[in-house]
Amino acid sequence: MIIREYKNITIYMPEKADRTEILESSDQVSAIAWFREHYPQAKIVATVNERCSSERDMQRLKRQGLVTGFPDLTIYLKGVAYFIEMKRSKATASAIKKDQVIQLGELQDQGFEVAVCFGLSAFKFKVKEWIW
């Protein structure tokens, strides 16, 4: 696992990216299924962000509390929250958007644990590090 800092945020990348092209959403589905199987005592929640088709819908969702760049996944366990931004394993650090860096930084400044995980293997590595 390659661990490095990017704009003061810790990112986790597999040493070798998967040979097949896996979408971020597929990695996220696999990550949630793996997590729920291995940590049934904890809660994992996905944030549906930036997936609407029109500017009007986006404005409505923002008024309802949508925060652009908020991390994809939140894990709750024993009164602690962990925040993970998922990226596909073949992506690079430049795939992290400015608003995501801002949100992760603000959460980190408040004392929360945050990470950017590139692919399923990075997600598993970080979760085991946090929870084990």
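The protein's secondary structure comes to four helices and six strands, where helices (H or I, at least four residues) and strands (E, at least two) are DSSP runs numbered from the N terminus. Read along the sequence, these elements follow the pattern β-β-α-β-α-β-β-α-β-α. The model is a predicted one, in which local features need pLDDT of at least 70 and side-chain atom pairs count only at pLDDT 80 or more, while totals for chains, interfaces and linings use all residues. Residues are numbered from 1 along each chain as its sequence is written, and side-chain values use heavy atoms, with hydrogens and water left out.

Of the 132 residues in the protein, 42% are buried; buried means under 20% relative accessible area, exposed means over 50%, and partly exposed lies in between, with a 1.4 Å probe and protein chains only. Among contacts (heavy atoms within 4.5 Å) with a separation of 6 or more, 67% are between residues 24 or more positions apart.

β4 spans residues 73–77, and it is largely enclosed by the rest of the structure because four of its five residues are buried. On one side, β4 pairs with β3 (residues 43–46) in the antiparallel sense over four bridges, two strands being counted as paired if DSSP finds at least two bridges between them. Within this pairing, K43 has Y76 of β4 as its bridge partner. β4 is also joined to β5 by five bridges, again with the strands running antiparallel, and here L77 stands opposite V80 in β5.

The β4 and β5 strands form a hairpin with two residues between them. With a relative accessibility of 79%, K78 counts as exposed.

T47 lies in the loop between β3 and α2 and, at 22% relative accessibility, counts as partly exposed. Leaving aside neighbours within four places in sequence, T47 is in contact with F70, P71 and D72; the C-alpha atoms of T47 and F70 are separated by 7.4 Å, although the two residues are 23 apart along the chain. G69, in the loop between α2 (55–63) and β4, counts as buried at 1% relative accessibility, and its C-alpha lies 9.9 Å from that of T47, 22 residues away in sequence.

The largest core has 20 residues, of which F35, I75, I84, F123, V127 and I131 touch the most other members. The elements giving two or more residues to this core are α1 (24–38), β4, β5, β6 (113–118) and α4 (120–131), and α4 gives the most, with five residues. Apart from this core lies another, of 13 residues, among them I9, M13, F83 and F118. For I84, the contacts beyond neighbours within four places in sequence are P71, D72, L73, I75, A115, C117, F123, V127 and W130.

Rings of Phe, Tyr and Trp (its six-membered ring) pair if their centres lie within 6.5 Å, with planes under 30 degrees apart counted as stacked, over 60 as edge-to-face and the rest as tilted. By this rule there are six aromatic pairs, and W34, F35, Y39 and F123 form one aromatic cluster.

R88, found in the loop between β5 and α3, counts as partly exposed at 30% relative accessibility, and its C-alpha is 9.6 Å from that of M13, 75 residues apart in sequence. Helix α3 (residues 98–109) has twelve residues and reaches 16 Å from its first C-alpha to its last, close to the 16 Å expected at 1.5 Å a residue, the expected span being 1.5 Å times one less than the number of residues. Its buried residues are Q100, V101, Q103, L104, G105 and L107. Just after α3, G111 takes a positive phi of about 95°.

Methods: A nonpolar core is a set of buried Ala, Val, Leu, Ile, Met, Phe, Trp, Tyr and Cys residues joined through side-chain atoms within 4.5 Å.
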